[in-house]
Amino acid sequence: MPNTQELKDLTTQVRRDILRMVHKVNSGHPGGSLGCAEFFVALYQDIMDRKEDFEMDGIGEDLFFLSNGHISPVYYSVLARSGFFPVDELNTFRLINSRLQGHPTTHDHLPGVRIASGSLGQGMSVALGAAQTKKLNNDSHLVYSLHGDGELQEGQNWEAIMYAAGNNVDNIISTIDLNGQQIDGSTDDVLPMGNIKAKFEAFGWTVVEINEGNNIEAILKGMAEAKSKTGQGKPVCVLLKTVMGNGVDFMMHTHAWHGKAPNDDQLAEGLRQNPETLGDY
Amino acid sequence: MKTYTNTGSKDTRSGFGAGLTELGKTNENVVALCADLIGSLKMDDFKANHPERFFQVGIAEANMISLAAGMTIGGKIPFTGTFANFSTGRVYDQIRQSVAYSDKNVKICASHAGLTLGEDGATHQILEDIGLMKMLPGMTVINPCDYNQTKAATIAIAEHEGPVYLRFGRPKVANFTPEDQKFEIGKALHLVDGTDVTIVATGHLVWEALEAAKALNEKGISAEVINIHTIKPLDDEAIIKSVTKTGCIVTAEEHNFLGGLGESVARVLATNKPTPQEFVATNDTFGESGTPAQLMEKYGLNSHAIVKAAEAVIKRK
C-alpha cells in the first residue's frame, strides 16, 4: 500500500490531469473534481479492497459508484492511474469515439465504470442494489458511493436513504461531498438543505464526519472509522467537507468553476501550482 | 378456418405470477422487487417461497428501478413489479440511464396496462407505455396475449440477457394458447391463415382479433391473424410475408396509435412494402373510469372495431 507522501504525489498528478483534460476540450467540470481528488486517491489506492485483475463481474471485491457523474475527470484520472485503462487514454476525454464520455457510462465498456451516471439522484439506489446482491452472494465486501451535496435535492435520494435504513443495508458507505456549492451558487442560496447530518441520523443512518476532506490523513482516518461501523445493522454515511476547486487557488471557494474549463493562462497557473510528480499523460 | 377455444378466462397478471413462481424454483439468480402492489402483481407466492430474494421497496418506484439496476452487478436477475404507468412514465429517467443506457439485465414487469384497468381511471391507466419503452435503445418490449403466454414469456425473459419491458393486464381474458408453449422472443405467431386481410394484434387484442376473424369469415372475408407478442424487436419478415399475400393490414392494440405497435408496423411496411393499413388503437386520448368492456367498446378496441377496420382497409387495396 502506498505511503501518505505517495498518495499526496498522486493527488497532485491527478489535479494536473483534471486541469489538462478539461482545458483540452474547453468543457467539463474541474471544480468538484479537484475538490474530491484526495478522496478518490485514498479510496482507490488504500481504502477499497480491489481485485488485481480488473475483472468487472462485481464479485469478491469492494465496489464504488459515482452518483454525481459530472466529476468524471477525477474519476477517469484515478481509474487510469490505478491501472484500469491506459493513462494515455485521458487524452480522449469528451472527444468523439472516446470511451471517456462527458459523463461516465458503461456503454463503451470502460473498465472501472459499472453504471452510467450524470442524471442526478440515482447512484445511491444503484449502490444499495449492489449491496443487496453482495449479501445474497455471501460476499462480505463493501459498496462505496459518492454524491454531491446539491444532488441531495433530488428526491430519489431520500427514497434510497429511507430504504437503506429500513432494510438494514449495513454494507454500504455513502459519502456526501459537502462543498456547499452547486451550479447556480451556494447550496444555501439555491435550496437550503438544513442539517444534513441530522437528516441522515433521523433516517436511521450512522454518520461519520470528515471535516478536512482535502487532507489525505484525515480521509484515511475517517474512512477507517466508517468501515468499522459497517456490519452493525445500519447504513453508514460519510459527510466529507471539501473545498471545491481545491489545489488551484483561483478556483477555490466558489461555484464559478463547477462546469467551466481554464483558458491557456489559467491552465499554466494551475499547473504551476501543482508541479508534475508521476509524469503527465 | 382454424378456431381457438377459451379454456377458462384468467388474468394475464396471474400468468406473470405463475411464471415468477416457476422461476423461483428453477433460477436462483432471479430476484423480485415490488412497490407496494404484491397482491395486484400476484407476487405473493414468490415472496412466500423466497423471502430472501424478495424486496418490498414501498411506494418508491424510482428507487426500485435503480435498485434493480444495481442488483444486476454481481449476477442477479431482478424482476420489478408495479402498474404499467408507474413502471414507465414515472421512472423513465431511471430506466433510461441506469437500466437501458447502462445495459443492465433488469426485467420491468408491468401490470394493469391499457384501459382494462377499468374503474380507477386515467391516472392509473396508461396508453403510452409501449411507445416510451420501445424508443429506448436496447430495450425489448413484450405484450403477451393471455395467461399461458404471459407465464411462458415471464420464464423466457429470465434467459434473455438485457433489459426487457413485459406488459400485461388486470382483467380476466380468454386463455387459449397452449399451456406448454415455448416462448420465443421476437417471433410472431401465425394463428389463422387468410387471404383478404392481415390482422396483427398484441396483448388483449389478440383474442378480439380471433373473434373478428370469425365474424369476417361469416361475411365471406378471409382474415389472417398474427399474434405479435414482441413489439421490439418486431418480426418484420412475418408481417411482410403476410401482406404480400393479403395486400392490406389492420393493427390492433390496447395503446395509443401514436407510438404503439401500429406505428412500428407502418415503419416496416413503408420501408419494405407500402401497404394500406388501419389502426385499431386509442386516438391520442387519455382513458377514463368504466368497466373494461365498456371502455374497450367506447374507445374502439374490440372485435367489432377490428371488423370495421378490416372492411375499411380492404376497400383501400
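Chain A and chain B bury about 2,200 Å² between them, and carbon and sulfur atoms give 55% of that area. Buried area here is the accessible area (1.4 Å probe) that two parts lose on being put together, summed over both. This is a predicted model, in which local features need pLDDT of at least 70 and side-chain atom pairs count only at pLDDT 80 or more, while totals for chains, interfaces and linings use all residues. Residues are numbered from 1 along each chain as its sequence is written, chains are lettered from A in the order in which they are written, and side-chain values use heavy atoms, with hydrogens and water left out.

**Where the chains meet**
- Chain A brings 29 residues to the contact and chain B brings 25, where contact means heavy atoms within 4.5 Å.
- Gln122(A), Leu136(A) and Tyr163(A) supply 25% of the area that chain A buries against chain B, more than any other three residues.
- There are zero salt bridges between chain A and chain B; a salt bridge is a side-chain nitrogen of Lys or Arg within 4 Å of a carboxyl oxygen of Asp or Glu.
- On the side of chain A that touches chain B, strand E1 (63-66), H5 and H6 of chain A each give two or more residues; helices (H or I, at least four residues) and strands (E, at least two) are DSSP runs, numbered from the N terminus.
- H5(A) gives the most to this side, with eight residues.

**An enclosed helix**
- Helix H6 (residues 156-166) of chain A has eight of its eleven residues buried, so it is largely enclosed by the rest of the structure. Buried means under 20% relative accessible area, exposed over 50%, and partly exposed in between (1.4 Å probe, protein chains only).
- Among the buried residues of H6(A) are Trp158(A), Ile161(A) and Tyr163(A).
- The partners that the buried residues of H6(A) pack against include helix H5 (123-136) of chain A and helix H4 (61-71) of chain B.

**Salt bridges**
- Over all chains, the structure holds 26 salt bridges.
- Glu209(A) and Lys241(A) form one of these, at 3.7 Å from N to O. The pair links distant parts of the chain, 32 residues apart.
- In chain B, Lys214(B) and Glu211(B) meet in a salt bridge at 3.4 Å, N to O. Both lie in helix H9 of chain B, three residues apart, about one turn of the helix.
- Lys214(B) is partly exposed at 34% relative accessibility, and Glu211(B) is partly exposed at 28%.
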